[in-house]
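Look at the model first, then read on.

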Amino acid sequence: MKRVKPMKASGLSIKPTVLKLGGSVITHKDKPLKANLPAIRRLAEEIAEAKIPQLIVVHGGGSFGHTMAKEYAIKEGFRGEASQLLGFTKTHQAMITLNNMVLETLIQHNIPVMAIAPSSFIISKSDRIANMTYKPLKRLLDIGAVPLLYGDAVLDSDKGFTILSGDQLVASLAIYFDARRIVVSIDEDGLFTADPKKPGRPDFISKCTLRKLRKLQRQIKSTNTCDVTGGMQGKISELIPAIEAGIPTLIVNGTISRRIYKALKGEKVTGTLIQKE
Ligand code: IP8
C-alpha cells in the first residue's frame, strides 16, 4: 500500500528552515547604501552547499533600508507630506537594490530563489502584520523554490505606512509554516549578558530558554543608532512569538565563515540557541 506522508498545518510535508541574513552581515552598516558583496557571495556558497530541502530566506535592511527609513521617518507613519511619501518609495527602492544583489548572487550559486516584495502582499496595522497571503510562498516551497523576502517599507492601515522588520516577517513565516528551525545571522557570535560592542567582558550565552531570554531582554540595549527597528532588543521581541510556538531559534555570527552552513545543517556551531523550555 502506498504510504501518504502526514501533512503539517501549513500543508507542507517537510518543515522548512527560515534563514535571516542580517543587514549588519550583508551591508556595511556605517556606510550608507554599501553592500558587503564578498559576504553575500560567501553566504550564497554556504547556503548552496547546505542544500536545505525547504528554505525561506529573509534579509534585513542594513545601510540600505535603515538609512532611508531614518532620513524620512518612515516608521513614524505618513504625515501627509509629499517629500515623506517619496521617502517611502525611496526606502522600498533601496531595499529592492539590495535584494537584487542578494537575488543575483544566490541564483549565480544555482539556488532556485524567487524574490517577493513584502510590500506587495502584506499590509500592517500599527506596525504588526495584519494582512498577508501565504499562498504564493506555499506554492514556491511546494515546487522546491526558495522564497526570498526582506524587511520592507509597507502600507499600514493605521499609520499610512511603516517599516516591517525582517525579524517580524521571519517569526510570522516560521509560525505559519511550522518551521523546523529559525537561523538568524548577526555580526556577533550570539547573545551576551550585556552589549558586547561596549567596554566590558559580558558572558556569552550559548543556550537560553524563553524565561531567561525575557530576563535578558531588559538588559540588552540597542547598539546601532542607525537601526529603526530596535536593534538587538527589537530582534528578540520579534522572535519571541516563534520561540513561544516551539520553534528553536539559533542566532549565529554570519560574518564568520561556515557558521551559517553549520547552523543550516544542524551541526554544532558557536551561537545562541533559544528554545521554549
Ligand atoms: O533590518 C528593516 O528590516 P530589518 C527594513 O530586518 C527596512 O530590521 C526597510 C529598514
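Which atom of glycine 166 lies 2.8 Å from an oxygen atom of the ligand? A backbone N or O atom does. The model is predicted: local features need pLDDT of at least 70, side-chain atom pairs count only at pLDDT 80 or more, and totals for chains, interfaces and linings use all residues. Residues are numbered from 1 along each chain as its sequence is written, and side-chain values use heavy atoms, without hydrogens or water.

| Residue | Protein atom | Distance |
|---|---|---|
| Glycine 61 | backbone N or O | 2.9 Å |
| Histidine 66 | side-chain N or O | 2.8 Å |
| Glycine 166 | backbone N or O | 2.8 Å |

Taken alone, the ligand exposes 320 Å², and the protein buries 96% of that. These areas come from the Shrake-Rupley method with a 1.4 Å probe.

The shell around the ligand counts 14 residues, each with a heavy atom within 4 Å of it. Lys20, Gly61, His66, Gly166 and Thr229 are the closest. By class, the shell has nine polar, three charged and two nonpolar residues. Gly counts as polar here; Asp, Glu, Lys and Arg count as charged; Ala, Val, Leu, Ile, Met, Phe, Trp, Tyr, Cys and Pro count as nonpolar.

Helices H3 (62-71), H4 (82-108) and H6 (166-176) each supply at least two shell residues. Helices are DSSP runs (H or I, at least four residues), numbered from the N terminus.

H6 is largely enclosed by the rest of the structure, because nine of its 11 residues are buried. Buried means under 20% relative accessible area (1.4 Å probe, protein chains only). Gly166, Asp167 and Gln168 are among them. Just after H6, aspartate 178 takes a positive phi of about 50°.

Terms used. A polar contact is a pair of N or O atoms within 3.5 Å; within protein, one must be able to donate a hydrogen and the other to accept it, and residues adjacent in sequence count only if both atoms are side-chain atoms. Buried means under 20% relative accessible area, exposed over 50%, partly exposed in between (1.4 Å probe, protein chains only).
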